[in-house]
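The sequence and structure come next.

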Amino acid sequence: MKGALAWPFLRLYLLTLFYFSANSILNVIIPLQGSSLGASNTTIGIVMGAYLFTTMLLRPWAGHIIQKRGPIKVLRTILILNGAALILYTFTGLEGYFVARMLQGVCTAFFSMALQLGIIDALPEKERSQGISMYSLCAYLPGIVGPLLALGIWQPGEMGSFAVTMIAIAILTGVVGFTAKIDDPSDGQTGRGGQGQANANVKTETFSAFGPFFKNPHLLACSVLMLTSSLVFGAVTAFIPLYALQIAGGHAGVFLMLQAGTVVLARFVLRKKIPSDGKWRASFIMGVMLILAVAAQSVSLSAAGGFVFFYVGAVLMGIAQALLYPTLTTYLTFVLPQASRNVLIGLFIATADLGVSLGGIIMGPVADLSSYSFMYMLCALLGVAMTLFAYERRKALTEAKAA
């Protein structure tokens, strides 16, 4: 096999699979273990949210350092740090979990950038989309089986199996990662001084992008939608393992498996339905946001209505998650200024990271003051608000593009 399916790239996809396997397990274990230790939803939300909040802060810098040092050097350093974070989970409590989540956030900011930039640089143009698609698929696959595995190994006060699993994943990820190879086209092409100048230029571009962030109507609209939707996705990730315990017939592993499986399937089956003409398809985006609202409301009603509402919410949540991000990203690639497009899209991606982290940080206190059912009803109302927002923006964005 050649191109994106050649062995060096298959090794990178396998590395991605191992790397994200740990997080698919931790997303279930941390809330359950936190609850067994007497932690409030607020505390659990902060611990869960620390991961992507750290990723968001460091993601803009990751590209600069990878550009200067090369993806392989950065990758190997990150794998050592990731192994330390996973081992930290095995012998600490919530305070240690918080530190480990932040370390994982650092690792993910650099890991995802190193692999994606490495794949993009090493593959010919006609193979790049396939390589990135394979990377994305392998990043999602652990979410299908990881939650079920987590519930199988978790027992209150008996964390031996969890410790063995984390150590095994750390070792496997390290072995595969340290033997991986990525062609670095920058090697030998520029000296340290040239790299430093390029890096300085990119930093300047990044800081200058924050001004247009609020002035560009296209970027602002997409970011508001992505931030709010990601907040709902983050609330699901952080608290479904605990909410499922209150639902007759509810099983967190099955819920998260259905959600992740739907994301993978929907992105394949519905890939041709995603608009790719640079027009603001208000009706399409409103439909996606309505699906998100119905999904959250279905999850909210499951406390009284039972597991059917629970699992229907999981499938609808997966459909919304599968369609929203590629739709908004594709739209931005058409309408953003070419000179600053990559940096501005990077800021857009950061809003997704921020939203997921806020789903735990903000919705944790809401759950403490009310209930999980009320919290997810609030998420549904946010989805309805974003449906109206997408409709309200249609005229302004059409005029902005015409201008």
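Which residues does Asp368 touch, not counting residues up to four places away in sequence? Asp368 touches Ser40, Asn41 and Thr42, where contact means heavy atoms within 4.5 Å. The model is predicted: local features need pLDDT of at least 70, side-chain atom pairs count only at pLDDT 80 or more, and totals for chains, interfaces and linings use all residues. Residues are numbered from 1 along each chain as its sequence is written, and side-chain values use heavy atoms, with hydrogens and water left out.

**Asp368**
- Asp368 sits in helix 14 (residues 363–369); helices are DSSP runs of H or I, at least four residues, numbered from the N terminus.
- The C-alpha atoms of Asp368 and Asn41 are 5.9 Å apart, although 327 residues separate them in sequence.
- The side chains of Asp368 and Thr42 are joined by a polar contact of 2.6 Å (a pair of N or O atoms within 3.5 Å, one able to donate a hydrogen and the other to accept it; residues adjacent in sequence count only if both atoms are side-chain atoms).
- Asp368 is partly exposed, at 35% relative accessible area (buried is under 20%, exposed over 50%, partly exposed in between; 1.4 Å probe, protein chains only).

**Nonpolar cores**
- The largest nonpolar core has 85 residues, of which Ile240, Trp280 and Tyr376 touch the most other members; such a core is a set of buried Ala, Val, Leu, Ile, Met, Phe, Trp, Tyr and Cys residues joined through side-chain atoms within 4.5 Å.
- Helix 9 (residues 217–243) gives the most to this core, with 15 residues.
- Another core, of 29 residues, lies apart from it and includes Tyr19 and Cys138.

**Helix 10**
- Buried residues in helix 10 include Phe255, Leu256 and Val263.

Technical notes
Helices (H or I, at least four residues) and strands (E, at least two) are DSSP runs, numbered from the N terminus.
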